[in-house]
Amino acid sequence: MNGVDLSRVHLRALHSFQPQELHVAKAHRQVASLSNESSPSTSRVQEKGELFSIFSFLSWKDSNGLGSGFGFLLVSSQHRLLHLHAMEINHLLILAIIASSLFSIMAGKVDSLESVPDLEKAMYLTIDGYPCVRLLNLSGEIGCANPGRGKVVAPIVRFKNADEKLARSSAVLVSLDEMKNFFLRVSKDLNFAQKVAGVLVESKAVVQNDLPGLQRFSPVEKFPQAEFAPYQKPSYEWNPAGSGIMWDRYNFPVFLLSKNSTLIIQEGSVWSSLPPINVSSLKPPKPIILVVTSLDSASFFRDKSLGADSPLSGMISLLAAVDALSHIDGVNELRKQLVFVVFTGEAWGYLGSRRFLAELDMGSDVVSGLNITLIEQVLEIGSVGKGSREGATNFFAHVVGESSGAKEMLNALQGACDSLGSERIKIKVANNSNPGIPPSSLMTFIRKNLSASGVVLEEFNSAFMNNFYHSHLDDSSNVNSTSIVAAASLVARTLLVLAAGDSQSSTPVLNSIKINVSLVEELVGCLLNCEPGLSCGLVKDFITPSSICPNHYVGVFLGPPSALLYPAYVDDTSRFVWNFLADRTSIPTDNSSSCTGECSNPGEVCIRPERDGKGICVISTTRYVPAYSTRLKFEAESWHVLPANASDPMGMVDPIWTESFWDTISLRVYTVQSSAYDRFILLGGVAVTIAAYIAIIAARAFFTKALKHD
């Protein structure tokens, strides 16, 4: 998609070295208007300057007011030597030797430097950070950049409270608990915002409710994506913690420092069916129960979007439920067809669910075997990672309408709950006073005016329990596996009741459904942590991940959308989910053959093709559906924006998101000594210089006299 070019953020050294000073050369970008035919523009940051000016760094004093680097000494000594250029070369060599000895004694051991890269490594330290980036849509921009400026020199100051003033242009160090107040102040106070040169946000190991100021932090709205809701109640607060700061535009760079510094792409929605759908069967097709969840999240910092509770807890519950159902005998005899869909792009205008329904309307190959008229019931698994607290696990069913299908789903949920035989797990119907269902993919189905009944299973009643919704703080510490296991048990048993009918879903049959607790715990470790992260055995059994740390930001298309089984742009998590579902919902073939990507027989798919390059062909109905706006069309090697269509109410309000172009955004540090230490070194150098000069004059006089005497 066409947009802007956001050149790499550079943090460069200048000669005006000062303690606690941040040197920022912020990203210069140009915006191309996004219309029916827009084209990307490019910009580049010049890499010019005198000695050391091309190196990227931040500089500040450590906790003791001292630093460990000697780059300042080299620069300073260079200037001092230049001032002494009139002296004879032998004098300079002697001075250099003496000065070097003095610096070695006073500054400690210094590693030998044999090249400019060695010098760079000695001077600069690359630190991990997560940038806030610029995103665009039809009506404007959000996120962070630095339009029209090359480099900025500013002292680092710590932001302490919302009333604090900045005396001059400054780079602001913000703690997590003050982040919300700071950005609200920036949005409301233009004079204050103009003095912000850049922002560094501290990272801390956050445990739920461990910091008073961080009991709630959600950078999105109080009613996320209210414009897409099928009811008009924009003032309702599903997300009380929401501040909306993520949706503003900031003309300065912002970095979230990693924990160590302070002390990629997902485009395919995945769907699968249990059992596999035989499109060539002469039997009448079964009515469909659609089970949906989402795998993408969002946050202020693009590459730190884990979404542990919202929505990954629901997706992990779905995977665990599918795993449990795959071990039940007689799935081919179920009265209804179970279809599982994992949407992506839901955080950005419900892209996945809208595209899925659009493909159903068109009857495209990616949804072959499905018919929109056969969908009778839709069960969505929302946020379920915080349902367990104080010894009890509570879930709430948010219902669409009062149809017989909806009542059947509620009865199935209650029956499944009763079969668990635990008074600690309860299912309740959400309050009638709620304006409607909470923000969820089910809104897309309601907007489509389908006759299907729908229920959203959530951990909350009238407002989000997740105080870190769409925040980088929504990590594994924000969920508990006990709640996810309970939700998976409830979902698996509910689906069997609905699909089999009451006569075939007796308590003994339901009790045979066992959730693999170890699988849930492993999925949490694989998908919500960097250790082990995507290098865990479960993930590597299916795919070869491109990175270790998971990130559930939706990403962008880099080319035309594709329905191939393994399009190059599908990210690690989506590929893993595809392979996992294909494996658990599959029927082994009589003669299993190896494969590298595709299978020759109809109805077969190739799973695990990335593992040693030898996959296995199995019978499974598991597909990718490219997730992008229904108002976008790829034609003639470019993306085009289609006119709004009144028959598509969600498309009418779709902002059509696109991403800027940028190089790798990085952050480096440069540590300098305190001014007192520098003055001491300078005075020492001056003293040594004077002493050396006097010694040279005296030695010269002595040798001259001795030579004359001889």
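Guide: A crossing is called left-handed if the near helix is turned anticlockwise from the far one by less than a right angle, and right-handed if clockwise. Helices (H or I, at least four residues) and strands (E, at least two) are DSSP runs, numbered from the N terminus. The model is predicted: local features need pLDDT of at least 70, side-chain atom pairs count only at pLDDT 80 or more, and totals for chains, interfaces and linings use all residues. Residues are numbered from 1 along each chain as its sequence is written, and side-chain values use heavy atoms, with hydrogens and water left out.

Visitor: Which hand does the crossing of H11 and H13 have?

Guide: The crossing of H11 and H13 is right-handed.

Visitor: How is such a packing of helices described in general?

Guide: Two packed helices are described by the angle between their axes and the distance between the axes. Axes are lines fitted to C-alpha atoms, for helices over the stretch in contact, and angles run from 0 to 180 degrees between N-to-C directions. Here, helix H11 (residues 481-500) and helix H13 (residues 517-528) have axes that come within 10 Å and cross at roughly 125°. H11 is therefore oblique to H13; angles under 35 degrees count as roughly parallel, over 145 as roughly antiparallel, 65 to 115 as roughly perpendicular and the rest as oblique. On the H11 side, Ser481, Ile484 and Val485 make the contact, and on the H13 side Val517, Val520, Glu521 and Val524 do, where contact means heavy atoms within 4.5 Å.

Visitor: At what angle do the axes of H7 and H11 cross?

Guide: The axes of helix H7 (residues 308-325) and H11 cross at roughly 50° and come within 8 Å. That angle makes H7 oblique to H11. H7 passes H11 in a right-handed crossing. The residues in contact include Ala320 and Ala321 of H7, and Ala487 and Ala488 of H11. Ile484 of H11 is among the residues that touch H7, and Ile484 is also in the contact with H13.

Visitor: Which peptide bonds are cis, for example at Pro311?

Guide: The bond from Ser310 to Pro311 is cis, with omega near 10°, and Pro311 is placed in helix H7. A cis peptide bond also joins Leu274 and Pro275, with omega about -5°. Pro275 lies in the loop between strand S13 (268-274) and strand S14 (288-294).

Visitor: Is Tyr250 buried or exposed?

Guide: Tyr250 is buried, with a relative accessible area of 1%. Buried means under 20% relative accessible area, exposed over 50%, and partly exposed in between (1.4 Å probe, protein chains only). Phe300 is buried at 5%, and Trp348 is buried at 6%. Tyr250 and Phe300 belong to one aromatic cluster, whose members also include Phe192.

Visitor: Which charged end sits over the ring of Phe192?

Guide: A charge sits over a ring if NZ of Lys or CZ of Arg is within 6 Å of the ring centre and within 35 degrees of the ring normal. The charged end of Arg185 sits over the ring of Phe192, 4.0 Å from its centre. Likewise, the charged end of Arg355 sits over the ring of Tyr628, 4.0 Å from the ring centre.

Visitor: Where is Glu390 found, and what is its phi?

Guide: Glu390 is found in the loop between strand S17 (388-389) and strand S18 (392-400). Its phi is near 55°, a positive value in a residue other than glycine. Glu390 is exposed, at 84% relative accessibility. Ile656 has a positive phi of about 60° and is not a glycine, but Ile656 is buried at 2% relative accessibility.

Notes: Phe/Tyr/Trp six-rings, centres within 6.5 Å; stacked < 30°, edge-to-face > 60°.
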